[in-house]
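I opened the model today and kept notes on what I looked up. The entries follow in the order I made them.

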Amino acid sequence: MQIAKLGRMERVTSLCLENLRVMHENERLRKKAQQLDQENKSLLAEIKRKQQQASAAAQGAPSGSGGGHGAAAASSNFKAAGKQPK
């Protein structure tokens, strides 16, 4: 009876340690997911900003003097965003 009780205690201890490891891994993965989400939001905001700048430059610049910000820049921004220009 004492041996069986000792075996159960070892099993409980083992499960507690495994649970602790899983909780630490979950926390590590949660932090990584938050970091990736923040990076994703930052990159999306940068793409939107560049598209707005390209759009404003294309609307405000006279034809033929885009200074590198005209249709070619707008086209490259669409490529970066994974979209096709209209």
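**Overall make-up**

Helices (H or I, at least four residues) and strands (E, at least two) are DSSP runs, numbered from the N terminus. The model is predicted, so local features need pLDDT of at least 70 and side-chain atom pairs count only at pLDDT 80 or more, while totals for chains, interfaces and linings use all residues. Residues are numbered from 1 along each chain as its sequence is written, and side-chain values use heavy atoms, with hydrogens and water left out.

**Burial**

I noted that buried residues make up 6% of the 86 residues in the protein chain. Buried means under 20% relative accessible area, exposed over 50%, and partly exposed in between (1.4 Å probe, protein chains only).

**Salt bridges**

I found 4 salt bridges in the structure. The term stands for a side-chain nitrogen of Lys or Arg within 4 Å of a carboxyl oxygen of Asp or Glu.

I checked R30 and E27, whose closest N and O atoms are 2.6 Å apart. They are 3 residues apart in helix α1, so about one helical turn separates them. R30 is partly exposed at 44%, and E27 is partly exposed at 33%.

I then checked K41 and D37, a salt bridge with closest N and O atoms 3.3 Å apart. Both lie in helix α1, 4 residues apart, about one turn of the helix.

Last, I looked at K50, which forms a salt bridge with E46. K50 has a relative accessible area of 35% and is partly exposed.
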